[in-house]
Amino acid sequence: MDTSQQHGPGVGRSGGGAIDSFLTWLIHPMTVAATALLILNDHVLKAAYPGWLTGKLSDATGLVMAPPLLAVVLALLPAGCGRLPVLRRTVRVAGPGSGRTPGDLLAAVSIFIVGVGFTAVKATPEGAATASAVWSVVNGPSVILADGTDLLTLPALGLAWWTWRSAVARPSLARWLRMVAVLVVLPIAGLGVAATSAPRYDDAVALYEWQGVAVVGIGNAYHAHREAEWWWVSSDDGPTFSGLPEVGYEVFPRQPPPAATGADCSTLVPQHCFRIVPRQLGVEESQDGGATWHLTWQVDEDARQRLATAIPGMRDADEYLSSRALLVRDQPDGGVVVLVANGRDGFARRDTAGRWERIGFGTHAGDSFRHQQPATPIPSVAEATVTVGWRVAVPLSVAVGSLVVLAGCATLLARRYGWFLIPLAAVGGALGLVALALYVPYAWRGATSDDAVGSVVMVALIVGMTAVPAGVAVLVANVTEPSPALTARICVAGILAGAMVPLPLLLRLLTGWPPQRAAVVVVPIVAVVVMVVGIPWAIRYAVRRVPQSRS
C-alpha cells in the first residue's frame with residue numbers, strides 16, 4: 001500500500017529527515033501553546049497579578065518551549081544537521097525495531113542542556129549572577145534571581161519530551177508548513193525567550209525598624225501598585241544590605257512592623273528631627289522638635305529632571321523620583337544616621353557627621369556574592385538636552401516638516417491636475433495630524449523615559465504617518481511637475497520648519513536656560529505653532545506660483 005496516500009493535508013509524501021522532526025516539534029500544538037502562554041504571562045499576567053503562580057507559570061512554559069527551539073537552532077548550524085555528531089550517532093544507533101528515531105539524542109541533549117542551565121541559574125547565586133550579566137547584554141539591563149522553589153517546575157521537561165515523541169510519530173511536513181515553522185513560529189519563539197519576563201525596575205518604597213536593624217522594602221516600578229515585593233536588612237544602617245534571614249521571610253511579610261513615614265526624630269535627642277520634602281528629592285532638618293525647619297539635603301529640580309532621563313522606564317518623575325519615607329537611627333557612639341527611600345533613585349544616607357550621599361541601592365551582599373548597585377550619575381545639562389532632543393524634538397521636527405511639505409506639494413499637484421487630488425492629500429494629512437496628536441502627550445512624558453519599545457513604536461508611528469505621505473507627494477510632484485524648482489523650494493521650507501522645533505533645546509544647550517522641564521513642554525508647543533504657520537504658507541505659495549488647470 002502506498003503510504004503517501006495516508007498523509008493528510010500539510011504533510012509531505014516522504015520523510016524530511018531529522019530536521020523535519022525538529023520543526024514538527026517546534027510547531028507542535030503543545031509547544032505553540034506554551035510559547036503563547038509564556039508571552040502572555042510575562043508581559044500581561046505578571047504585571048497584573050504578580051506572585052507565586054505567574055512566576056512558576058513562566059518557568060514551566062519556558063521549559064516546554066526552550067528545548068525544541070534549542071534543537072532547531074543546533075540542527076540549523078552552518079555545518080548542517082547531517083554533519084552534527086549527535087545526529088550521526090542517532091542514525092547509527094537507531095535501527096529497525098529499536099524504537100528510536102534519528103534526532104532522539106539531539107532532542108534529549110537539548111532537554112538536558114535546558115534542564116542543567118535552568119538548575120544552575122535557579123539553585124546558585126553564581127549561576128543567577130552569570131545569567132543576569134549575559135542577559136543584560138542580550139536583552140538590556142536584567143536581574144535574574146536564584147530561587148530554589150523554581151526547581152519545582154522541572155517536571156515540565158517531561159512534557160517537552162512527550163511533545164518530541166508525539167512530533168516524531170507524525171508524517172513529515174509539507175513545504176508550506178516548513179515555511180510556517182521557520183518564518184513564523186521560530187521568530188516568535190525566539191522573541192518569547194529574548195523578551196521573557198516583565199522588566200524589573202528597583203523602586204525604594206518603604207523603610208522599617210525590625211529586631212534592632214533597619215529593613216528596606218524594594219518594589220518593582222514596572223507594576224503600578226508601588227508595594228514592597230522583597231526586603232533587605234542592613235546591620236550598618238546602609239550602605240550594605242543582605243536578604244532577610246530564612247525565618248524572617250516566613251514572618252516578616254505576614255506580620256510586618258509599622259512602616260516609616262515621611263518624618264522621624266532621634267530617640268535619644270527628641271528635638272533632632274527630619275522630614276522629607278513632598279514630590280522632591282529632599283530632606284529638611286529641625287533641631288528644636290519641629291518648630292523650625294531648614295533644608296539639609298536636596299537634588300535640585302533641574303538635576304532631578306535630568307536624572308529622570310537616565311533611568312530606564314521612568315514614568316512620572318514627581319511620583320517615582322521623589323522621597324517617600326525616612327528613618328532616623330541612633331548610633332551607639334553618638335549622633336544619628338538617616339536613611340531616605342527615594343523611589344527609583346534608591347536611597348540617600350546621612351552619616352553621623354552630617355554628610356549626605358546618594359547610595360542608590362547600595363551593596364547587596366550574601367554568603368558567596370557581593371553586588372553593588374550605586375546611584376545613577378546625574379547627566380550634565382548637555383547630555384540630558386541631547387537625550388531629550390533625540391526622544392522628543394527630532395520626531396516632532398520630522399513630522400512638522402513633512403506636513404508642511406505634504407500641504408505644499410499636494411496643493412501644487414491639485415492646481416496643476418485638478419482638485420480631485422485634495423481628498424487623497426487630506427487623508428494623508430489627517431493621518432499625520434492624528435500621529436501628532438498622539439505623540440505630543442507622549443513627548444511630554446517620554447522625555448523622562450528610555451523605554452526602548454515604547455519609544456520605537458511611537459517614533460515609527462509619527463514618522464511613518466507623516467514622512468511617508470510627504471515622500472509620495474514629493475516623488476509625484478518631481479515626476480510630473482514641469483518646474484522642479486517649485487517642489488525643491490517647498491521641501492526647503494519644510495526643512496526650515498522642522499529645524500525650528502528644537503530651538504528651545506538649542507537655546508538650553510548654549511545657555512543652560514530654560515530649565516529642563518520647561519524646555520520639554522515648550523518644544524511640542526513650538527512644533528504646533530510652526531505647523532499652524534507653515535502649512536498655510538506652503539499652500540499659499542503653491543497657489544500663487546502655479547496657475548490653476550482649466551480641466
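## Hairpin, cores and a helix pair in a predicted model

In the hairpin formed by β6 and β7, where 4 residues lie between the strands, R279 takes a positive phi near 60°. This is a predicted model, in which local features need pLDDT of at least 70 and side-chain atom pairs count only at pLDDT 80 or more, while totals for chains, interfaces and linings use all residues. Residues are numbered from 1 along each chain as its sequence is written, and side-chain values use heavy atoms, with hydrogens and water left out.

### Strands

Helices (H or I, at least four residues) and strands (E, at least two) are DSSP runs, numbered from the N terminus, and two strands pair if DSSP finds at least two bridges between them.

| Strands | Bridges | Sense | Residues standing opposite |
|---|---|---|---|
| β5 (residues 263-265) and β6 (residues 273-276) | 3 bridges | antiparallel | C265 and C273 |
| β6 and β7 (residues 281-286) | 4 bridges | antiparallel | F274 and E285 |

### Nonpolar cores

A nonpolar core is a set of buried Ala, Val, Leu, Ile, Met, Phe, Trp, Tyr and Cys residues joined through side-chain atoms within 4.5 Å, where buried means under 20% relative accessible area, computed with a 1.4 Å probe on protein chains only. The largest such core has 26 residues, and those with the most contacts inside it are F22, W25, L63 and W164. The elements that give two or more residues to this core are α1 (17-26), α2 (29-48), α3 (52-75), α5 (104-123) and α7 (156-168), and α3 gives the most, with 8 residues. A second, separate core has 25 residues, including L403, A443, V501 and V530.

A polar atom of its side chain lies 2.7 Å from the backbone oxygen of L159. When neighbours within four places in sequence are left aside, T163 is in contact (heavy atoms within 4.5 Å) with W25, H28, M30 and T31.

### A pair of helices

Two packed helices are described by the angle between their axes and the distance between the axes. Helix α12 (residues 381-417) and helix α16 (residues 503-511) pack at an angle of about 170°, with their axes 9 Å apart. Angles over 145 degrees count as roughly antiparallel, and α12 and α16 are therefore roughly antiparallel to each other. On the side of α12 the contact is made by V381, A382, T385, V386, V388, G389 and A393, and on the side of α16 by L505, R508 and L509.

Technical notes
Buried < 20%, exposed > 50% of the residue type's maximum accessible area, 1.4 Å probe, protein only. Polar contact = N/O pair within 3.5 Å; in protein donor to acceptor, adjacent residues only side chain to side chain. Axes fitted to C-alpha atoms, helices over the stretch in contact; angles between N-to-C directions. Parallel < 35°, antiparallel > 145°, perpendicular 65-115°, else oblique.
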